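Please read the following report alongside the sequence and the coordinates shown here.

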Amino acid sequence: MDLDQFKALIKDRSVILVGNSVELMNYESADFIDSHDLVVRFGKAIEANERERKAVGRKLNVWITGDFRAPMIRIEPYRTMLQNVPILYVRSRIHMDRPYNKI
């Protein structure tokens, strides 16, 4: 997904950005998060168990990740959750001279 495709995806929709702070786990915000038209999640802000579902919800429309969390796509249940989800990869500031081939 490129920037123009992303802009078209979010146009005229309610969008929530869900970060991967552990602070989220202190709240049961699932209903509020999932009530948005589009849920954009960063890193590990995707549910994998019941506790996480109550905190961060289930809805997942776009996943944004970088080097650290990208390998999650190889692990169940994340592989299934991310199967048809557009992924925006944020390149790390280190090793910009090397191609990315971890996935």
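## Overall fold and dimensions

This is a predicted model, and its protein chain contains four helices and four strands, which follow one another along the sequence in the pattern α-β-α-β-α-β-α-β. Taken along the principal axes, the C-alpha atoms occupy a box of roughly 40 × 30 × 25 Å.

The radius of gyration of the protein chain is 14 Å, which agrees with the value near 13 Å that a compact globule of 103 residues would have. Among contacts between residues at least 6 apart in sequence, 47% join residues at least 24 apart.

## Buried residues and the nonpolar core

Of the 103 residues, 31% count as buried. The largest nonpolar core is made up of eight residues, namely Ile46, Leu60, Trp63, Met72, Ile73, Tyr78, Leu82 and Val85.

Leu60, a member of this core, is in contact with Val39, Arg41, Ile46, Met81, Leu82 and Val85, once its neighbours within four places in sequence are left aside.

## The largest pocket

The largest pocket holds about 180 Å³ of space, and its lining comprises six nonpolar, two polar and four charged residues. The lining includes Asn20, Ser21, Val22, Leu24 and Met25, together with Lys44, Ala45, Ile46, Arg51, Glu52, Val56 and Arg69.

Definitions and conventions. Residues are numbered from 1 along each chain as its sequence is written. This is a predicted model: local features need pLDDT of at least 70, side-chain atom pairs count only at pLDDT 80 or more; totals for chains, interfaces and linings use all residues. Side-chain values use heavy atoms; hydrogens and water are left out. On a 1 Å grid over the protein atoms alone, a cavity is a set of points where a 1.4 Å probe fits but cannot get out, and a pocket is an open set with protein on both sides within 12 Å along at least five of seven lines; lining residues have an atom within 4 Å of a point. Grid points are joined across faces, edges and corners, and a volume is the space filled by probe spheres set on the points. Ala, Val, Leu, Ile, Met, Phe, Trp, Tyr, Cys and Pro count as nonpolar, Asp, Glu, Lys and Arg as charged, and the others, Gly among them, as polar. A nonpolar core is a set of buried Ala, Val, Leu, Ile, Met, Phe, Trp, Tyr and Cys residues joined through side-chain atoms within 4.5 Å. Buried means under 20% relative accessible area, exposed over 50%, partly exposed in between (1.4 Å probe, protein chains only). Contact means heavy atoms within 4.5 Å. Helices (H or I, at least four residues) and strands (E, at least two) are DSSP runs, numbered from the N terminus. The radius of gyration is taken over C-alpha atoms; the globule rule is 2.2 Å times the number of residues to the power 0.38.
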